[in-house]
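Look at the sequence and the model before reading on.

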Amino acid sequence: MKPFDVYPINPINIVKANGSTVWDAEGNAYLDLYGGHAVISIGHTHPHYVQRITEQLNRIAFYSNSVEIPIQRELARLLGEVSGKVDYDLFLCNSGAEANENALKLASFYNKRKKVIAFSKAFHGRTSLAVAATDNPSIVAPVNETDNIVFLPFNDEEALTSAFASYGEEISSVIVESIQGVGGIREASVSFLRLIRSLCDQYNAVFIADEVQCGYGRTGLFYAQDYSGVEADIYTMAKGMGNGFPIGAISISPKFKATYGSLGTTFGGIILHARQLWLFWRSSNKISLWKMLHKSAPILSMN
Ligand SMILES: Cc1ncc(COP(=O)(O)O)c(C=O)c1O
């Protein structure tokens, strides 16, 4: 057996990393400005990250969500605090695609509708619905194709308004990256985000902010969308959240009521996840940093 050949590979074998430096097998050092697709948020092999994961592995690595995991509650509380969403709930999963999949599903459970508005050049992941909402037909398998996703031009307020005017009662959610990553660092305008918010309010559709790549403090504020002052109903995140540990999450507005079994996962939110994240907060002191940034947000502008 050999690896399934789906990645164009750079001819470099990284064998060691520390902070923002990585080394190849020949001992050449590189300054890592890539961070493996926006993943390494507090530096490679951060000492707290390594130490506490090792400690936890020696105690217990896994138990499922069917038992108490107190550290999950503590993590949710802290995340609520740093993101300025103290009344939102947290659902933990394993990747960005899974976060988006759960967000789209939750929206549909909520308003019992099927249509999703996504935008040109959007990337939301490779699972069934997430890939259908991704504007790249070459990665959408025939089995993923669905009429439920409608693509509109990014930042086109007229197109959005007319879509809602034509079939607003069928729209379950609007999913948007406030800064498109794979699409080429394209920013959503503040007025576009405001319009999404007001149309979602008017038609009882759900506003999903895909912050998998642009969020988690990457732009300074916790969510990139925070610069616009527009609040989403669901925020999805992953990548920088785990500093290399595979994790994703959705932050869910209090208007959604949880029901047993509606969402679920074997691995999401397990002890090792929660421990790793909890220590991420503590070790990086990001809480006070983000609180400070939140206060200075008005002097920063997105557009
Ligand atoms: C904006 C955005 N959403 C979702 C995803 C999918 O995340 P994952 O690869 O963890 O499934 C990506 C990955 O690049 C992304 O950039």
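The shell around the ligand divides into five nonpolar, eight polar and two charged residues. Here Ala, Val, Leu, Ile, Met, Phe, Trp, Tyr, Cys and Pro count as nonpolar, Asp, Glu, Lys and Arg as charged, and the others, Gly among them, as polar. Of the 15 residues around the ligand, Gly96, Ala97, Gly125, Val212 and Gln213 come nearest; a residue is near if its C-beta atom, placed from the backbone, lies within 6 Å of the molecule.

This is a predicted model: local features need pLDDT of at least 70, side-chain atom pairs count only at pLDDT 80 or more, and totals for chains, interfaces and linings use all residues. Residues are numbered from 1 along each chain as its sequence is written.

| Helix | Residues | Contact residues |
|---|---|---|
| α6 | 157–167 | Glu157, Leu160, Phe164 |
| α7 | 190–203 | Ser191, Phe192, Leu195, Ile196, Leu199, Tyr203 |

Helices are DSSP runs (H or I, at least four residues), numbered from the N terminus. Contact means C-beta atoms, placed from the backbone, within 7 Å. The residues of this contact divide into seven nonpolar, one polar and one charged. α6 and α7 pack at an angle of about 5 degrees, with axes 10 Å apart. Axes are lines fitted to C-alpha atoms over the stretch in contact, and angles run from 0 to 180 degrees between N-to-C directions. The two helices are therefore roughly parallel, a term for angles under 35 degrees.

Alanine 133 touches Val116, Ala118, Ala122, His124, Ile149 and Ile175, leaving out residues up to four places away in sequence.

How values were computed
Two residues are in contact if their C-beta atoms, placed from the backbone, lie within 7 Å. Angles under 35 degrees count as roughly parallel, over 145 as roughly antiparallel, 65 to 115 as roughly perpendicular and the rest as oblique.
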